[in-house]
Amino acid sequence: QWAQFGLLNMAVGFVALIATLVAHAYIAFDDVNGPASMASDAVGMVGVAMVILASVSRLSNSFIVQEREMMQFLFATFVVAASVKAFANDDVKATARGGQCLLANVFLYFIGAFWVKSDSTDVPRLALAPTVVVALVVAAAAVRAIHETCASKYNGKLRALDVALFGWIAVTIRSVLILTFIDEDVWLARVVYASGVAAVALNGLDDSNTSSSRSSNVKRGAAMFLISIAPIVAMLAGPIMGVLYVGATYFLYDGLRGLLLGDDADSRARCSETALGAGLWLASVVVFFGGGHACSFDGLHFASAFTGFREFRFYVMGFLLGFETWSGDVLLAAAVPLFAAFTARKNTLEEFKRVASRLSLKIAFFRAVAVASATLCAALHRRHLMVWAIFAPKFVFDAVGSSVADITALLVLLIAFRSVDARRTKRE
């Protein structure tokens, strides 16, 4: 009886849910005559259609079972529509970015479908030694190249960058040790945790103004936050697939930014905020499945919760498991200020705040529509034979994932707004 509710309670609850969705939509799409308008943006209409199709399809158990393939298809359809528009406008760079999105989409499908958990590999460890050594050399070269490239851009934030890159080195060394020589130990994992937290703290405490452009300062802070937490995400995802997962995620989001916003300053208004929000939500679902996850309890990567610990700690391990499971949503929430800085037409803090708030609200609205559909599906199929195997887990994953994403987005926006306000106050 504890898992069942009366029809009246379910009806009242669903009406309340629809009412909150209507209020959410009114707030998120209030500027219908401004830059956020979707009426003149065909790509935005395609994006909304893909979101609606993905949400309504949750009423079908066949869609839930094959959701990985279906979401890959819906996202690819959206990318093709945006690429066709870019090609029609003779924008070669944006069209090429569309190809980058499609390649990342295919790559994430394959690594998600053939995901190797950190505790379930049967590959001989010594046979992996040459490959891992080559990967270590490439990682070291990449770290040096990143440092040299970013040195002129980050200036005062070089301390945070150095600490974050140290975390990447620790992740690489840990992967080599696990795959070739010895079993997993806890001290390197804790070094990665410490370097990530320290890099985030240094990034937040450093209020130096290294550029006269306010949007550049916002982009730099958001990019540094992503660089700081990425090593932790890669480590939790596992020594074999972690770096591939993080790299493919960056490749996907970067391609989507270039496709919808452009790489040049004069082409930032190519699409509406609605199109960007729909594309980012579709991409976050692709990233979820690309990380080897599934909307089933036996698909959870329980080994990630024990990374860096020898003893069971309920709250810490619950946090790590949730962080790894919905890392795609966490990375997207952390990237919203970065996308907003690229989208803003005016180089003012007020414009950045408006765009960041609207974009975050639109992404949250598209996610909430999908959750409402999953809620309706669980209610309608509560007597179904497969309710606890298909419909209930889907509802739980959508509901919890939406909560994690919304809370993270709210915290990131509060931190970003407080940071830009602090810099403005210091200058004044």
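Which residues are linked with Arg58 in a network of salt bridges? Keep that in mind as you look through these close-ups of a predicted model.

**View 1. Arg58 belongs to a salt-bridge network.** The network links Arg58 with Glu67, Lys394 and Asp398. Zoom in on one pair: the side chains of Arg58 and Asp398 form a salt bridge, with 2.9 Å from N to O. Arg58 sits in the loop between α2 (42–56) and α3 (61–65), while Asp398 is in helix α16 (residues 387–427), so this pair ties together parts that are 340 residues apart in sequence. Both ends are tucked away: Arg58 is buried at 3% relative accessible area, and Asp398 is buried at 11%. Side chains of opposite charge can pair when their charged atoms come close.

**View 2. Asp254 and Arg257 pair up within helix α10.** Their side chains meet in a salt bridge at 3.3 Å, N to O. The two residues are three apart in the helix (residues 242–260), or about one turn. Asp254 is buried, with 16% relative accessibility, and Arg257 is buried too, with 12%.

View 3. Arg354 is partly exposed at 42% relative accessibility, whereas Glu351 is buried at 9%.

**View 4. Asp90 has a positive phi.** This residue isn't glycine, yet its phi is near 60°. You'll find Asp90 in the loop between α4 (67–88) and α5 (92–113). Asp90 is exposed, with a relative accessible area of 68%.

Definitions and conventions. Residues numbered from 1 in each chain as written. Predicted model: local features only at pLDDT ≥ 70, side-chain atom pairs only at ≥ 80, totals over all residues. Heavy atoms only, no water. Helix = DSSP H or I, 4+ residues; strand = E, 2+ residues; numbered from the N terminus. Buried < 20%, exposed > 50% of the residue type's maximum accessible area, 1.4 Å probe, protein only. Salt bridge = Lys/Arg side-chain N within 4 Å of Asp/Glu carboxyl O.
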